[in-house]
Structure formats: structure tokens, C-alpha cells
Protein chains: 2
Amino acid sequence: MSYADLDRTQLEELRRALEREYADHCAKGLSLNMARGKPSAAQLELSLPMLDAVNAASELIAQDGTDCRNYGVMDGIAEAKALMGEVMGHEPATVCVFGNSSLNIMFDLVTQGVTHGYLGAAPWKDLDGVKWLCPVPGYDRHFAITESYGIEMIPVALGEDGPDMDEVERLVADDPSIKGIWCVPQYSNPSGIVYSDETVRRLASMTCAADDFRIFWDNAYCVHHLYEERAAHVADIARACEEAGNPDRYFAFASTSKVTFPGAGIAAVAASAANIAEIKARVGIQTVGYDKLNQLRHVRFLHDAQGVAEHMEKHAALLRPKFELVDRMLEDGLADTGCAAWSKPDGGYFVSFDGMPGTAKRTVALAKEAGVTMTGAGATWPHKNDPNDSNIRIAPTLPPLEELEQAMEIFVCCVKLASVEVLLAA
Amino acid sequence: MSYADLDRTQLEELRRALEREYADHCAKGLSLNMARGKPSAAQLELSLPMLDAVNAASELIAQDGTDCRNYGVMDGIAEAKALMGEVMGHEPATVCVFGNSSLNIMFDLVTQGVTHGYLGAAPWKDLDGVKWLCPVPGYDRHFAITESYGIEMIPVALGEDGPDMDEVERLVADDPSIKGIWCVPQYSNPSGIVYSDETVRRLASMTCAADDFRIFWDNAYCVHHLYEERAAHVADIARACEEAGNPDRYFAFASTSKVTFPGAGIAAVAASAANIAEIKARVGIQTVGYDKLNQLRHVRFLHDAQGVAEHMEKHAALLRPKFELVDRMLEDGLADTGCAAWSKPDGGYFVSFDGMPGTAKRTVALAKEAGVTMTGAGATWPHKNDPNDSNIRIAPTLPPLEELEQAMEIFVCCVKLASVEVLLAA
């Protein structure tokens with residue numbers, strides 16, 4: 001029965017029942033973590049053979065004769081570029097393979113915009129102020145980067161096809177201080193949506209007042225399908241930008257953090273020839289080079305896009321039951337209350353949950369108190385400030401299935417309790 | 001016989017003889033490289049067992065229970081901090097272990113000064129201009145970092161005990177725009193000198209007009225001794241700064257790039273508690289974390305400072321004959337000409353060579369033409385501009401002994417020829 005149809009007496013009765021249930025949960029003294037998008041131990045085991053792919057007896061010379069044990073090659077060995085290029089859908093010549101973190105490459109590129117500017121444009125530090133478009137709900141670590149540089153973040157609604165493009169086009173057309181947009185085009189963090197071809201086309205071709213506007217195309221989940229039969233394929237941002245006459249507008253990113261090992265993966269950036277030349281010049285100041293042995297390790301273990309796809313199917317087999325459990329428990333527990341909505345992603349690492357306005361912080365606090373750590377409420381918005389206080393990111397990947405079930409049971413109870421409290425306070 | 005004592009006829013005769021010898025060298029069609037401080041293949045083989053120290057069957061959980069295969073721990077696993085702290089002579093609590101490149105940490109810290117400032121001081125981007133002290137001869141990649149931010153570099157003479165401290169003290173006392181100094185305190189790149197205790201004390205205690213002055217203490221060669229019996233030990237910069245009441249003045253760096261594998265090593269920074277807190281806050285925006293599996297690999301292979309010392313003795317056994325060959329050939333070929341001086345380091349990776357003024361570029365060009373690639377003349381000065389055109393960095397580590405001998409024979413011939421040309425042009 002929809003909570004909206006309950007009268008005050010019924011709501012108070014419901015609250016007492018929920019409080020009793022909640023007290024029972026608290027009494028269990030659980031400690032469960034659904035805060036971050038971390039692979040489970042079972043997923044990590046899938047990549048253990050990679051650690052044997054490079055050993056003391058291995059040939060450690062790259063295709064072009066480079067000794068991967070020594071200095072040299074700042075932008076990635078050719079075979080790693082080929083692998084990441086194929087995975088990302090970019091020409092290897094447009095790809096650099098760097099260290100272990102695509103987030104770090106994004107951070108460095110925002111920094112470059114601040115300190116040096118892109119392709120001859122004024123460094124942002126010399127401007128009166130810089131703004132950035134932030135599709136919401138979005139990824140807290142993206143927002144933390146732009147926040148750390150004092151960049152004003154403008155939330156833009158993220159729909160089923162991507163950001164509200166009418167709004168995006170309107171904003172960038174007139175304001176030269178808007179320098180970029182954060183995008184997770186495939187299985188977006190957290191809502192799991194996939195950018196439509198039309199969204200990609202409009203992003204690539206829209207008129208920007210800023211010549212140095214950049215799409216930060218974080219394709220973190222490009223191979224992270226849950227269902228092969230409905231695997232999403234996002235339009236090629238490089239081609240779209242080129243066809244629109246804006247070849248330098250995008251920086252595309254991916255990593256193997258959730259393919260092999262988080263922290264011990266390899267990360268890549270793809271961009272136009274002009275951007276790549278500038279990136280290489282900068283990185284040549286920054287470091288002598290990245291870990292080529294780890295690049296080699298990845299190439300020998302994953303081989304090519306087909307090898308990655310086969311490996312990702314094993315991840316999917318472990319992840320599908322978790323996502324399906326979350327959906328089933330939300331459906332069973334909350335569908336008829338009318339006070340919740342959630343995403344049903346075909347890939348990625350998250351379920352985006354929307355409760356009634358004013359309930360997210362309370363729900364997360366209640367869950368925490370009962371031993372279930374969720375991502376902080378508001379984290380999906382710039383400055384952690386969700387104006388509706390309704391969105392919660394559910395990260396179901398880390399806990400084993402049994403723990404996930406316990407955690408979701410508690411979460412559902414907390415959502416109900418927070419909702420009833422809000423209705424009673426109205 | 002000293003070239004200075006030769007008359008014009010003798011010099012012309014000598015030039016003809018040297019030109020014949022040089023032509024013979026060119027005719028050999030060699031291709032030898034002494035440009036960079038790269039370990040040789042034989043040195044790299046010493047660390048091959050490290051690649052087996054972490055494998056598919058390994059325990060991959062750190063001391064504190066962290067799963068090194070997953071996200072988590074941004075500042076290095078405890079055992080890696082203990083290892084690097086002991087090697088660097090710093091308390092593990094003052095150490096962060098990050099990625100593969102100490103140069104990258106230095107770059108990031110200069111960037112932090114530019115964009116955010118240190119510990120509440122004004123970001124350098126907001127100042128009219130920033131200056132930096134650059135002991136010369138020095139490391140070209142250091143100078144490239146400060147150059148990339150448009151920082152004015154002031155050369156300061158590097159003597160046998162370190163930088164000219166009278167000059168350093170005079171400069172920093174009055175000019176608040178001087179924000180830092182590049183230091184390689186042990187087996188300096190390229191001269192191989194070691195900072196005296198008195199130099200360390202004066203650097204730590206000198207009065208600086210800039211509150212946010214920082215010593216960038218690149219202790220790259222802290223364990224890279226050639227002769228154990230005369231192994232240098234540099235005074236503790238952390239304690240010196242603390243005792244002088246300037247605890248935040250230093251950032252100390254080291255890596256295992258020339259201990260295990262260049263590019264696949266681990267790098268660390270040590271600093272005061274306040275600096276480390278600021279570094280962690282910044283790095284927490286920049287990345288989720290570094291490669292903990294590679295940190296674990298290093299700990300399991302090297303164990304502790306004693307393990308590192310034993311490993312470095314094997315490097316020294318391979319390097320000593322090369323440094324001794326270089327010294328012997330310079331001595332035999334050039335000592336009596338009176339037109340050359342060079343360093344005789346007890347560790348590190350380089351020999352610093354000084355020819356007659358006006359000969360360095362010509363010498364390097366002649367060597368290149370004869371198939372021997374040296375570090376570019378001038379590289380040891382800011383903006384690659386050696387005002388005397390006399391200093392050349394010799395990097396004897398990469399070539400096998402036999403090739404090194406060929407290369408040095410050619411180098412000696414080129415030095416002589418360039419010297420005679422200069423004397424004849426006078």
C-alpha cells in the first residue's frame with residue numbers, strides 16, 4: 001500500500017513497527033560495507049593468473065625492442081596502446097597508456113588547464129572564474145577534482161539518454177567561462193544510464209563560447225556489461241568530434257582497475273593528435289615514464305579486446321546475482337510504498353536510488369547506525385549537496401551475496417522508516 | 001704535455017693528427033649511448049627474482065589486513081613505508097609511498113605550490129614572480145620542472161661540500177620570491193659530491209624571507225655507493241630542520257628506480273607531519289591510490305635496509321669497473337693536456353666533466369658524429385645554458401665495459417680536438 005494513502009494513525013502505527021524492526025537489525029551488531037565500487041574477493045581472484053604472466057623467466061622485451069625493465073617509452077608500450085585502444089574503441093595512435101589511475105590523468109589534465117591552458121588558450125588561473133558542467137547524479141571523485149581548483153560546478157540533470165542536452169547547449173553557448181563537462185557515457189556512475197547516439201552527437205557538435213571547452217569522457221565501464229545480449233555500445237566520441245569540426249574537444253579515459261586489479265591496473269587517455277602532443281610534452285616534464293612491466297603483464301594476460309570480453313563475462317557472472325538481488329529486494333520491499341525509485345543498470349558498478357525528498361541523509365545515517373555503511377548521501381552531487389536530499393548510491397559489488405542480502409534488508413527498513421518520519425513531520 | 005705550452009705550429013700539427021684519429025673513429029660506424037643514467041642489462045638481472053616475489057599463489061594481504069589487490073590505502077602500505085623510511089633515514093610516519101616515480105612527486109609538489117600554496121601560504125600563481133635556486137652543475141629534469149612553471153632559476157655554484165652556502169644564504173635572506181632549491185645531497189647528479197654536515201645545517205637553519213621556502217631534497221642515490229668502505233652518509237635533513245625550528249622546510253624523496261627496475265620501482269616522499277597531512281589531502285583528490293602489489297613485491301624482495309644494502313653491493317660490483325675505466329681513460333688521455341677536469345665519485349650514476357670553456361657543445365657534437373651519444377652539453381644548467389660551455393655529464397652505467405671503453409676513447413679524442421680548435425681560434 002502506498003504510504004501516501006495512509007492516514008496519520010496508520011503512519012504512526014507503521015513507524016512503531018518499523019522502529020521495532022530497526023532495533024532488531026541494530027541488535028545484530030553487523031558491519032557491512034556498500035560505500036564504494038570495489039570488486040569482491042571472488043572477482044579479484046579472476047585476475048590472479050596475471051601475476052604469473054610476467055616472472056623472472058619471462059621475455060621482458062616489448063615488440064619494438066624496448067627493455068620493459070629499464071627507463072624509456074613515456075607514453076606506453078605499443079602493445080599496451082593497441083590493447084587499450086581496441087578496448088576503448090580508439091586508434092592506438094591517439095592513445096597514451098600511463099600509470100595505474102585514470103582519475104590521476106583526469107586530475108593532471110584539469111591541472112594543465114589551470115596552469116598552462118590547452119593548445120594555446122589562456123590558463124584558467126588567469127581568468128576571473130571557471131565553471132564546469134556536472135551531470136547529476138554523478139561521481140563524487142570527479143566533483144572533488146573540479147572543487148579542489150575552485151571551479152564553479154553547475155549541476156545538469158542526467159536523464160535516460162545522458163545529460164539534459166537542451167540545458168547543456170543553452171549554457172555553453174553563451175558562457176565562455178564554462179570549460180568542461182564530466183561524462184561517464186556508459187553505465188554512468190551511479191545511475192547506470194548509457195548516452196544515446198544523439199547525446200554524443202550534440203555534445204560533439206554544440207556551439208561552445210569557450211574554444212577550449214573539453215568533454216572529460218570517463219569511459220570507466222566501457223567493457224563492464226552485466227548482460228552480453230544487451231551490452232551497450234556508446235557512439236565514438238572521437239569520430240563525433242572530428243565530424244563536427246571540433247576534433248580537440250574530448251579527452252577519453254579508461255583503465256583496467258575493475259578488469260584486473262584496482263590500484264594495480266593500467267590507465268589510458270585517448271585524444272586528438274594535437275591534444276596528445278601537448279599531453280606528451282607535459283608528461284615528459286612530469287615523469288621519466290610509467291610501469292612498463294605492468295603494461296606487459298596486462299597485455300600477456302588479456303591479449304586483446306576479445307580476451308577482455310571473455311574475462312569480463314566472468315566478472316558479470318559474479319555481479320549479475322548481486323544486481324538482481326538488489327533489484328528484487330527493492331522491488332519486494334519498496335515498490336508498493338510509492339516512496340522510492342531506482343535504476344536497473346545493464347552494467348557498471350552502481351544502482352542509483354531515489355527516496356522521498358528529505359530522506360537520503362536520514363536513511364544513510366540510520367543504516368550506518370545499524371552497521372551498514374553506504375556512500376554518503378549527497379555524494380552524487382557537487383559539494384556533496386543534493387538539493388532534494390533524495391539520491392543514494394548503492395554499491396552492491398563488494399559484499400558476498402549473503403551479506404548483501406542482510407545489508408539490503410536493513411537498507412529497505414531504513415528507507416521505510418525515514419519516509420514515514422518525513423510524512424509524519426509534514 | 002700541456003696544450004697551453006704548445007705553439008701555433010705544434011697545435012696545427014696536433015690538430016691534423018687528431019683529425020686523422022677522429023676520422024678513423026667515425027669510420028667504425030659505432031652507435032654507443034652514454035646519454036642517460038640507465039642501469040645496464042646485467043644490473044637489471046639482479047632484480048629479476050623480485051618478479052616472482054608476488055605471484056598467483058602469494059599471500060596478497062598486507063600486515064594490517066589490507067587486500068593489496070583492491071582499492072584502499074592511498075599513502076602506501078605500512079611495510080613499504082617502513083622499508084622506504086629505513087632506507088631514507090626517516091621515520092615511517094613521516095613517509096608516504098606512492099607510485100613509480102619520485103620525479104612525479106616533485107612535479108606534483110611544485111604544482112601544489114603554484115596552484116594552492118603550502119600550509120596556508122599564497123599560491124605562487126598569485127605572486128608577481130617566483131624564483132628557485134639551482135645548484136650547478138645539476139639535474140636537467142629538475143630544471144625542466146621549474147622551467148615549465150615559468151619559475152626564474154638562479155644558478156648557484158656547487159662545490160665539494162654542496163651549494164655555495166654564503167651565496168644561498170645571501171639570496172634567500174632578502175628575496176621572498178625565492179621559494180625553493182633543488183638538492184641532490186648524496187652523490188649529486190652529475191658531480192657526485194656529498195653535502196657536508198655543515199651545509200645541511202646551514203640549509204636547515206638559514207633565514208629565509210619566504211616562509212614557504214622548501215628544500216627539495218632528492219636523495220636519489222642514498223644507497224648507491226660504489227665503495228662500501230667510503231660510503232657517504234648525509235646528515236638527517238628532517239632532524240636538522242626540526243632542530244633549527246623550521247620543521248616544514250624540507251621535502252625528501254627517494255625511489256627504487258635504480259635499486260630494482262626503472263619505471264617499475266616504488267617512490268617515496270618524507271616530510272613534516274603538517275606537510276604530510278597536506279600532501280595526503282591533495283593526493284586523495286588526485287587518485288584513489290597507487291600500486292600496492294608493486295609495493296608488496298618490493299618489500300618481499302628487499303625486506304629491509306640491510307637487504308637493500310646487500311642488493312646494492314651487487315650493483316656496485318658491476319658499476320665500479322665502469323667508473324674506474326672512465327677515470328683511468330680520462331687520466332691517461334687528458335691529464336697531461338691541462339685542458340680537462342673531472343669528478344671521481346664514490347657513488348651515484350655520473351661523472352661530471354669540465355673541458356676548456358667553449359668546448360662542451362663542440363665535443364658532444366663531435367662525439368655524436370662519431371657514433372657516441374652523450375648527454376647534451378649544457379643540460380646540467382637551467383635552460384640548458386652553461387655560460388662557460390664547459391660541463392659535460394658522463395653516464396657510464398648503461399654500456400657494457402667493452403663498449404664503454406670504445407666510447408671513452410672516442411670521447412677523449414673529441415675533447416682533445418675541440419680543445420685544440422679553441423686554442424687555435426684564440
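# Domains, chain interface and local geometry of a predicted model

Chain A is divided into domain 1 (3-44 + 309-425) and domain 2 (61-303), with bounds that come from an automatic or database domain assignment. The model is predicted: local features need pLDDT of at least 70, side-chain atom pairs count only at pLDDT 80 or more, and totals for chains, interfaces and linings use all residues. Residues are numbered from 1 along each chain as its sequence is written, chains are lettered from A and ligands numbered from 1 in the order in which they are written, and side-chain values use heavy atoms, with hydrogens and water left out.

**Domains of chain A**

- The centres of domain 1 and domain 2 of chain A, taken over C-alpha atoms, are separated by 30 Å.
- Contact (heavy atoms within 4.5 Å) involves 29 residues of domain 1 of chain A and 31 residues of domain 2 of chain A.
- About 2700 Å² is buried between domain 1 and domain 2 of chain A, 62% of it on carbon and sulfur atoms; buried area is the accessible area (1.4 Å probe) that two parts lose on being put together, summed over both.
- On the domain 1 side of chain A, the residues that lose the most area to domain 2 are A:Met312, A:Asp346 and A:Pro382, together 23% of what that side buries.
- Two salt bridges are found across the interface of domain 1 and domain 2 of chain A, a salt bridge being a side-chain nitrogen of Lys or Arg within 4 Å of a carboxyl oxygen of Asp or Glu.

**Interface of chains A and B**

- Chain B contributes 53 residues to the contact and chain A contributes 53 residues.
- The two chains, B and A, bury about 4500 Å² between them, with 57% of it on carbon and sulfur atoms.
- In chain B, the most area is lost to chain A by B:Arg69, B:Tyr71 and B:Ile285, together 17% of what that side buries.

**Salt bridges**

- Over all chains, the structure holds 32 salt bridges.
- A:Lys344 and A:Asp327 form a salt bridge through their side chains, at 2.9 Å from N to O.
- A:Lys344 lies in the loop between β10 (340-342) and β11 (351-355) of chain A and A:Asp327 in helix α11 (residues 305-334) of chain A, so this pair ties together parts that are 17 residues apart in sequence. Helices (H or I, at least four residues) and strands (E, at least two) are DSSP runs, numbered from the N terminus.
- A:Asp140 and A:Arg36 are joined by a salt bridge, with the closest N and O atoms 2.9 Å apart.

**Helix pair in chain B**

- Helix α4 (residues 102-115) and helix α9 (residues 273-286) of chain B have axes that come within 12 Å and cross at roughly 95°. Axes are lines fitted to C-alpha atoms, for helices over the stretch in contact, and angles run from 0 to 180 degrees between N-to-C directions.
- α4(B) and α9(B) are therefore roughly perpendicular to each other; angles under 35 degrees count as roughly parallel, over 145 as roughly antiparallel, 65 to 115 as roughly perpendicular and the rest as oblique.
- Residues making the contact include B:Leu109 and B:Gln112 of α4(B) and B:Ile279 and B:Arg282 of α9(B).

**Backbone geometry**

- Most residues other than glycine have a negative phi, and most peptide bonds are trans.
- A cis peptide bond, with omega about 5°, joins A:Asn189 and A:Pro190; A:Pro190 is in the loop between β6 (178-183) and α7 (197-205) of chain A.
- In chain B, the peptide bond from B:Asn189 to B:Pro190 is cis, with omega near 10°.
- A:Asp389 has a positive phi, near 45°, and lies in the loop between β12 (372-374) and β13 (391-394) of chain A.
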